[in-house]
Amino acid sequence: MKKALAVVLAVVQLAMCVVALSGVARADETKMVGVITKIDLAGKDAKTATATLKDVKTEELVEIVIEDDLTLDKLKDHRIVEGDEIRCKYEVKDGKKLSTYFRKTAGC
Amino acid sequence: MRKLIRIVVTGAALAALALPLAGRAADPDPQQKKIDELAKELEALKQQVKKDEEKSLSKWLTVSGDYRFRLDSLKGEVPAYYQYMGPAAMPVPMPGFDPENGTLMTNRFGLNLKAKATRNVTVTTRLLMNKTSGMQTADATNAGFFADRMSVLDGSIGHIPTDNVLRVDQVFATWSNIFDQPVWFSVGRRPSTGGSPTHVRENGERPGNAGVPGLLVDYAFDGMTLGWAPEIDALPGAFAKLCYGRGFEAGYSNTNDLKDTDMLGVGVVPVDTDPLRIDLQWNRGFNIFDDPNNVGVELGSIDWYGAGVLSTLKGIGPGSLTTFASGGVSITHPNGKHMLLGGMDSGAGLLTSGPDASDRTGWGAYAGLRYDLASGTKIGGEYNHGSKYWIPFDPAADDMWTSKLGTRGNVYEAYLIQELPLPAISSFVSKAFFKVGWQYYDFDYTSSNNWIGAPVKISELMASPMNAQMLAPLKSAQDFYGTFEVRF
């Protein structure tokens with residue numbers, strides 16, 4: 001059991017190192033957790049999508065523009081749908097909130 | 001005079017016109033009043049509807065599930081061998097035979113409920129029924145060939161055919177977004193079955209943050225998880241978990257000499273995207289018991305190490321291609337104790353026989369691919385190999401003979417899935433499909449999926465009575481199967 005605990009502690013230390021190395025969000029990035037209330041996606045060939053998120057803290061509606069292929073695929077395949085809670089980061093460009101991180105909140 | 005009358009009449013007329021205006025100012029228009037009242041009522045109704053919507057079932061409860069009808073046609077080959085007759089009796093030579101079940105039919109039904117209780121806290125439940133057609137026992141599938149099918153275990157109940165009782169396969173509460181960080185804690189009966197990449201042949205969704213690598217573990221544990229999904233740009237989708245599960249509760253210490261059987265695991269998925277998913281896992285099982293349903297003694301501990309890669313690429317020809325490869329190592333640490341039979345020493349320890357109590361290292365490998373066409377046709381093939389001492393923890397696997405991933409030898413499988421081109425109604429992922437497949441087991445050593453006693457090479461079964469077996473060993477086995485499945 002001691003050996004097992006030593007392994008677990010080593011993993012925790014490694015995790016802390018990863019956290020330290022992973023850095024923080026860029027200054028012009030905003031983080032939020034919100035529930036998707038609406039998805040605008042122009043068909044299977046769409047290169048961009050807009051998801052409206054309701055901020056879980058402020059209850060404000062925020063429109064996020066998504067352009068990365070991995071997230072677009074999930075929207076097209078309905079692996080991300082309305083009602084899903086999303087952890088996202090965005091930066092404002094030309095007045096639009098452009099997603100830089102868009103994933104379902106983790107948990108099982 | 002006329003001028004005077006004209007002035008008086010004009011003045012009166014003007015006064016008459018002015019009076020209603022003055023009256024209006026003092027007494028509002030009934031129509032406007034009604035409009036104002038209606039507007040207020042409409043606003044109140046809107047608020048009520050909003051409240052009702054927020055409390056409606058669809059806002060906090062998700063219901064889904066699956067049904068499967070399955071037909072299996074099984075045929076195997078048992079070579080001549082020595083039958084173990086107990087600690088105090090001589091082994092008896094047994095002739096070979098070919099067990100066969102031409103048509104074995106089973107029904108499986110699963111019902112899933114996910115309730116959002118409060119912000120960041122959910123309760124997830126899966127109820128499961130799995131029965132053999134024409135009987136209410138597990139006798140037809142638990143036919144005495146393999147340890148993982150000899151009896152229904154706590155962690156395999158519902159996964160191998162039993163009866164028509166809808167049992168709790170999973171129920172766990174999850175607290176996520178702890179302290180506004182991508183950290184979660186989850187406790188209850190775990191989603192530790194059907195892990196990646198076994199979902200590929202099951203035509204299931206990717207397990208996400210749930211589950212454990214299917215090559216190492218396929219068993220329903222009661223336990224808990226502490227998970228963390230850091231936001232690292234260079235490692236998209238990365239997450240790590242510390243998992244704990246209880247495999248056997250020993251009870252009060254004054255009633256026996258047993259210890260609890262526990263499992264501890266650390267899983268790291270450094271990348272989780274469609275084109276690339278990598279998983280790394282370490283598990284340790286403490287105080288591994290002898291007979292799960294009648295524990296007499298504990299035999300030692302086992303370490304497992306595993307790594308896997310899964311990739312789905314779109315636009316490969318007319319369809320998409322999913323490929324995967326997993327590898328695992330098991331290392332047993334026997335404590336020198338042996339399984340008890342009727343209170344007597346059987347001579348069989350943790351992958352050992354007799355006085356030898358050496359550590360045993362085994363390895364397993366698992367690879368496969370599936371090609372998906374836009375027509376809903378999916379063609380797949382898989383191969384896995386296990387060495388002499390390979391012992392994963394996969395009793396709940398969806399195989400009729402024995403968990404193929406615990407086989408000491410080779411297993412080949414090919415299958416074809418045809419989804420029906422019908423629009424989904426109950427959810428975006430609902431679907432109905434037919435599946436036909438074939439499995440071929442080629443055993444090199446005895447006792448696949450059994451951690452009791454030293455394995456014996458199949459070709460040496462009759463070389464010595466010392467190679468006697470408790471269970472009838474198979475040299476080869478095959479299973480032609482077909483299913484009709486509905487996900488809703």
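# Terms and values in chains A and B

Reader: What makes the meeting of the side chains of A:Asp77 and B:Lys314 a salt bridge?
Author: The N to O distance between these two side chains is 3.0 Å. A salt bridge is a side-chain nitrogen of Lys or Arg within 4 Å of a carboxyl oxygen of Asp or Glu, so the pair of A:Asp77 and B:Lys314 qualifies. The model is predicted: local features need pLDDT of at least 70, side-chain atom pairs count only at pLDDT 80 or more, and totals for chains, interfaces and linings use all residues. Residues are numbered from 1 along each chain as its sequence is written, chains are lettered from A and ligands numbered from 1 in the order in which they are written, and side-chain values use heavy atoms, with hydrogens and water left out.

Reader: How many residues does the contact take from chain A and from chain B?
Author: Chain A gives 31 residues and chain B gives 35, where contact means heavy atoms within 4.5 Å. The two chains bury about 2900 Å² between them, 56% of it on carbon and sulfur atoms. That area is the accessible area (1.4 Å probe) that two parts lose on being put together, summed over both. A:Arg87, A:Ala106 and A:Cys108 supply 24% of what chain A buries against chain B, more than any other three residues.

Reader: How many salt bridges are there between chain A and chain B?
Author: The count is seven.

Reader: What makes the 2.8 Å between the side chains of B:Asp399 and B:Gln439 a polar contact?
Author: A polar contact is a pair of N or O atoms within 3.5 Å; within protein, one must be able to donate a hydrogen and the other to accept it, and residues adjacent in sequence count only if both atoms are side-chain atoms. The 2.8 Å joining B:Asp399 and B:Gln439 falls within that limit. Beyond four places in sequence, B:Asp399 also touches B:Arg149, B:Arg201, B:Lys404 and B:Tyr441.

Reader: Where does B:Trp401 lie, and why is it called buried or exposed?
Author: B:Trp401 is in the loop between S17 and S18 of chain B. Its relative accessibility is 9%, so it counts as buried. Among its contacts beyond four places in sequence are B:Phe145, B:Phe146, B:Arg149 and B:Tyr441. A polar atom of the B:Trp401 side chain lies 3.0 Å from the backbone oxygen of B:Gln478.

Reader: What is the peptide bond that joins B:Ser196 and B:Pro197?
Author: It is cis, with omega about 5°. B:Pro197 is in the loop between strands S7 (183-189) and S8 (222-228) of chain B. Most peptide bonds are trans, and most residues other than glycine have a negative phi.

Reader: What is the phi of B:Asn120, and what is that of B:Ser447?
Author: B:Asn120 has a positive phi of about 75°, and B:Ser447 has a positive phi of about 65°. At 18% relative accessibility B:Asn120 counts as buried, whereas B:Ser447 at 21% is partly exposed.

Terms used. Helix = DSSP H or I, 4+ residues; strand = E, 2+ residues; numbered from the N terminus. Buried < 20%, exposed > 50% of the residue type's maximum accessible area, 1.4 Å probe, protein only.
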